[in-house]
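This report examines one protein chain, element by element. Please keep the sequence and the 3D view at hand while reading.

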Amino acid sequence: MTTEEVEAFIDRLYAATAEGDWDTVGAMVTDDLLITEAAGLPMAGEYRGKNALRDLFVQVFDTLSVAGLDRGQTVVGGDHAGSFVTMRFTGEGLAPAELFEMFRFRDGKVCEIKPYYFDPAPVLAAAAAKQAA
């Protein structure tokens, strides 16, 4: 895939996820998709298989009150790509979380996603705020 094709693919994957179009998401990922969320986060753990992104999405929205995601630049190299993302939360005074989501491709599909959070404190604060509500 060219850089432009990878960028467009990731755009479509984010859009399908945001719309809850899990059939489209399932067609874009491998059967053995692996998503790893870091220990210490409310959604920590490994999510596996075609439904991994849906399972993570449900976990995130059950745990956090996400107002939206703002994507910045996507960088592409070899079989990897990554997108800079800002996750905004509902609730007064909650700082956004900044992260870099790494995607690994195999045979034209995403086979791995690994988010790297700059600072987990905003995610933890958002989880605490939702739990207190």
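Which residues does T63 touch, not counting residues up to four places away in sequence? T63 touches P42, A126, A127 and K130, where contact means heavy atoms within 4.5 Å.

## Basis of the report

The structure is a predicted model, in which local features need pLDDT of at least 70 and side-chain atom pairs count only at pLDDT 80 or more, while totals for chains, interfaces and linings use all residues. Residues are numbered from 1 along each chain as its sequence is written, and side-chain values use heavy atoms, with hydrogens and water left out.

T63 belongs to helix 3; helices are DSSP runs of H or I with at least four residues, strands are runs of E with at least two, and both are numbered from the N terminus. T63 counts as buried because its relative accessible area is 18%. The term buried means under 20% relative accessible area, exposed means over 50%, and partly exposed lies in between, with a 1.4 Å probe and protein chains only. A polar atom of the T63 side chain lies 2.7 Å from the backbone oxygen of Q59.

Two packed helices are described by the angle between their axes and the distance between the axes. The axes of helix 3 and helix 4 (residues 121–132) come within 8 Å and cross at roughly 65 degrees. Such axes are lines fitted to C-alpha atoms, for helices over the stretch in contact, and angles run from 0 to 180 degrees between N-to-C directions. On the helix 3 side, F61, D62 and T63 meet A126, A127 and K130 of helix 4. By class, this contact has three nonpolar, one polar and two charged residues. Ala, Val, Leu, Ile, Met, Phe, Trp, Tyr, Cys and Pro count as nonpolar, Asp, Glu, Lys and Arg as charged, and the others, Gly among them, as polar.

Another residue of helix 4 is A129, which counts as partly exposed because its relative accessibility is 34%. A129 and L94 are 35 residues apart in sequence, and their C-alpha atoms are 8.6 Å apart in space.

## The largest pocket

The largest pocket has a volume of about 500 Å³. On a 1 Å grid over the protein atoms alone, a pocket is an open set of points where a 1.4 Å probe fits, with protein on both sides within 12 Å along at least five of seven lines; lining residues have an atom within 4 Å of a point. Grid points are joined across faces, edges and corners, and the volume is the space filled by probe spheres set on the points.

The lining of this pocket comprises 25 residues, of which Y14, T17, F57, L69 and E101 lie nearest its centre. By class, the lining divides into 20 nonpolar, two polar and three charged residues. Elements that each supply at least two lining residues include helix 1 (3–19), helix 3 (52–63) and strand 3 (66–77).

T17 is located in helix 1 and counts as buried because its relative accessibility is 11%. Beyond its neighbours within four places in sequence, T17 is in contact with W22, V25, L53 and F57.

## Residues in the strands

L34 is part of strand 1 and is buried, with a relative accessible area of 19%. Setting aside neighbours within four places in sequence, L34 is in contact with E46, Y47, R48, C111, E112 and I113. L34 and A52 are 18 residues apart in sequence, with a C-alpha to C-alpha distance of 7.2 Å.

V66 is found in strand 3 and is buried, at a relative accessible area of 16%. Apart from neighbours within four places in sequence, its contacts are V60, F61, M87, R88 and F89. F84, in strand 4, is partly exposed at 43% relative accessibility. Not counting residues up to four places away in sequence, F84 touches D70, R71, G72, Q73, V75, L99 and F100. The C-alpha atoms of F84 and Q73 are separated by 5.8 Å, although these residues are 11 residues apart along the chain.

Key. Polar contact = N/O pair within 3.5 Å; in protein donor to acceptor, adjacent residues only side chain to side chain.
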